[in-house]
Structure formats: C-alpha cells, structure tokens
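My notes follow, in the order I made them.

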Amino acid sequence: MSRRAASWLAALVVAAAAFLYGAVAEGPPSTNADRVRDLSEDFACPVCAGQSIAESDVPVAREIRRQIAVWVDEGRSDAYIRDELVAAYDADIDYNPSGSGVTSLVWILPLFAGAGIATVVVVMLRPGRARARDSGELPTAGRRRWRNAAVWTVAVVVVAGAAGLLVARSSGSRTADGSITGEIRSTAREKIFEAQQRLSDGDMAGAIAAYDEALELQPSNVEALTYRGWLTSRQGDLAGAAPYLDDAVAMDPAYPDARLFRAIVALEEGDGAGAAQDLAAFDSLDPPPYAEQLLTQSRVRERVAEARDAAALEAVDALAALEERPAFGDTALSVADALAASEALASRGDLLEAVQLLDWVLESRPADPDVLSGRGWLLVRSGDAELFALGVHYLDAALGNDPSNASGLVYRAFARWLHGDTPGAQADLAAFDALPHQPPDLVRLIEDQGLRTALN
C-alpha cells in the first residue's frame, strides 16, 4: 500500500472512530435520579464488604444516598459531591477518583481526533508537494493535489464534527457549575399534580407512575417520596413502602404527612413503639385538617394506645412472673410504660393491681409528679369517697413537686369539678391552658368528657 493510500485510510479510521464513539458511548445521566444512581455506584459503602452505596441497604448507605439526592437537586457538581464524601468518610470510599473514567473521553477524544487529522493532512501533503517540485508539476498537479487534500480534509472534519455533535446531544446540557444534565421537559411539581389528578380519577397505578417520574426529576422531593410510599402501602406492600417514608422523614422530619403515614404503616407491621414515636412527632407539628381527618378515620391514636398498653402489660406480666420482682429502677421499663400498664389494668377492672403497680414505681421514684398524679387519678375514679380523698391528696402532692405538671392539673381539675369546687377546677384548667405545650391525650380527655363546657 502506498504512503498516500495509507494516509487516506488513516484519515477515514480517525473519522470513523470518532463517529462510532459518539454513537455508542454511554452519555451522562439525563435525570437527577439517574445521576444519583450513577454517583451511588461510584462510592463504596463505609461499613460493608464489597458493596457500593447503591447496592447496600444499611442505614449509613441509605443516609449517604439521601444526601447525594439533596446535593444533586441543589445542582452541586460531581466534584463537589466527591470531595464532600471523601472528606467525611476518607478516600477509600471513592471507587473512581476525580479525573478518571470513560466519561473524560468525551472531552479528550476531540483533541486526539484533531491532532490525528492534522498529522494525516501533513503526511499527505508533504510527500506530494516534494514529488511535484522534483517533477516540475507544482503549478498544475500540485494545485490539484492541494485541492483534493482540501476536499478530503473538509470531509473528515464534517464526519468528526457530526460525531462530536452526537456526543454533545447524548451528553445533554451543561449547568453553571459544569455538571452534565439531561433536558428536563417538565418539573417535579407538574408530575405531582398529575399524580394527584390520576389518584382523584381512581388510577392508582398511574398516580404511582407519575410520582416515580417526579422522583426521577427530583429524588429528594419529600411530597413525592411520602405519597409514593403511602400508595405503595395501600397496595399491600408494606415492606416496599417503608423506604420511601423513611427517606421522606429523613429529608424533612417536620412534614406531617410523612409522620402520619409512617405511623399507620408501622401499626400495620405490628411496630407499636415506632408508631407511637411518629404520632408524637405528628402531634408536635401543625398538621393540616385533612391529616387530622385521616388520623381519626384510621383510628391511629386508639391503635397506638392499644399497642402501647399491650406491650406495657406484657413487660409488667413478665416481671410479675419472677419469684422476686426487681426494683423499678433496675428494669428497662419507663414511667410512661408503667402508667400505660396501670391504665390497662384499671380498664379491665384490676384497680387494686393497677395501684400496686404504681406503688412499686414510687418505691424507686417517690417524688415523680407523673406517677403521683397517675396514682391519684386511679383513686379519684374509683367511686369510693375515701379513695377519692386520697386521690386528691396524691394530686396535690404531684403539683406540689411540679406546679406545671400537665396531668396533675387536668386530673385535679376533674376531681375538683366532681367534688363541686368549680372555681378550683377553673383555676387548674386555666393553668393547663397557659402551659406552652398541652399533651394531646389530655386535650382529648377534656374534650371527650366535656369538662370545659361544664365549667363554662
């Protein structure tokens, strides 16, 4: 093969290689969710053996994925995310250090292609020009060779340019901080609205698909995470719903819907303690009316109380089965557990056993206002005049130790009202209303028993 033919062949190979790379190279992620997945695959789980962040489901891996999602949605560059994770977890977490990887070829390949084309053109022209000069053909044949070379050079540049354009189109657009993103034609908010519309039409599958599209655009969207998890639970997949709701709570612990839905799912999974924690968090927020309505319809409070009482009773019964019950302070029971168990015992008619349980607690915590008020409340409701008076004594003791004890104020307000002391009951209720935080269960007790109406 002549040098000239070899030169043309080399030019064609360079152009073909550029075009082929542009056609088959995997472009950068087109959505935020794709980018989160790709980044998660680039980092090792700090506590797992041979698993990436994307593969592992341990808490630390899930937390890192959540943080990556937040950074991606904030528009942070890959370099920024990489630096932050390496700083937090050491360099060993990074599978692909910055500057390596096939993606860098998107920027390097055009340089090599250009250099290759320039080299080929020089190789083609120099021998031809030398032969033309030696043979005396430079004025005519030389110009023809230059013209042919120019045509071929233009052709090679066009082909390489087309390949570069294809690469650029597969890469998407570039944000201000240099990261590559896809062209997003709709917003996460629009997809959430679409999901709501589909759900109102009874199309649950379509609503789930729309929430998935919203999460593709914005993986850290708390509303989409929450309702994707909720709809998944309504399909009966409690295990599949939990990760969405966990992520939503981790992203925004103050989002009431996520707390409520996770409490319901926890109840359905038999996790009364987890449901109680989420319900307490829900009550501390400012939930919208529709959430309160769903709470009532689902009987979450009643179910949480039933689960709490059952667990507390089980723990107390286990201690009672011992030959010698240890001191309350030596057990894993909390005061809340003991109070719940005493109420459960009283509700099933075992008042004496309930009182004895709180006496056992008072042996270790004689000045605890919650236990004192709980014992007093049991006695006030006994229906016996002597026990009623003794119950008021315990309530006075509780408020003597802590004048702002919420349960003591409410229970004594009821006791005073039952005893005909309306001014005293009004004073206790006013003191309760002045507290910076009124426990929801006491507020409901006042409403359910009509105390406020009776005193007014």
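**Entry 1: Phe328.** I listed the contacts of Phe328 (contact means heavy atoms within 4.5 Å). Leaving aside neighbours within four places in sequence, I found Leu333, Ser334, Val335, Ala338, Trp360, Val361, Ser364 and Arg365. I then placed Phe328 in the loop between helix 14 (300-320) and helix 15 (335-347). Helices here are DSSP runs of H or I with at least four residues, strands are E runs of at least two, and both are numbered from the N terminus. Is Phe328 buried or exposed? Phe328 is buried, because its relative accessible area is 4%. The scale is under 20% for buried, over 50% for exposed and partly exposed in between, with a 1.4 Å probe and protein chains only. I also checked Leu362, which is 34 residues from Phe328 along the chain. Their C-alpha atoms are separated by 8.5 Å.

**Entry 2: ground rules.** This is a predicted model, where local features need pLDDT of at least 70, side-chain atom pairs count only at pLDDT 80 or more, and totals for chains, interfaces and linings use all residues. Residues are numbered from 1 along each chain as its sequence is written, and side-chain values use heavy atoms, with hydrogens and water left out.

**Entry 3: Arg301.** I went to helix 14 for Arg301. Arg301 counts as buried because its relative accessibility is 16%. Which side chain does the Arg301 side chain meet in a polar contact? It is that of Asp283, at 2.7 Å. A polar contact is a pair of N or O atoms within 3.5 Å; within protein, one must be able to donate a hydrogen and the other to accept it, and residues adjacent in sequence count only if both atoms are side-chain atoms. Not counting residues up to four places away in sequence, Arg301 also touches others, including Leu279, Glu292, Pro440 and Arg444.

**Entry 4: helices 18 and 19.** I looked at helix 18 (residues 385-401) against helix 19 (residues 406-418). They pack at an angle of about 145°, with axes 10 Å apart. Axes are lines fitted to C-alpha atoms over the stretch in contact, and angles run from 0 to 180 degrees between N-to-C directions. From helix 18, Phe388, Val392, Leu395, Asp396 and Leu399 take part. They meet Gly408, Leu409, Tyr411, Arg412, Ala415 and Leu418 of helix 19.

**Entry 5: whole protein.** I noted 22 helices and 2 strands. Of the 456 residues, 40% are buried.
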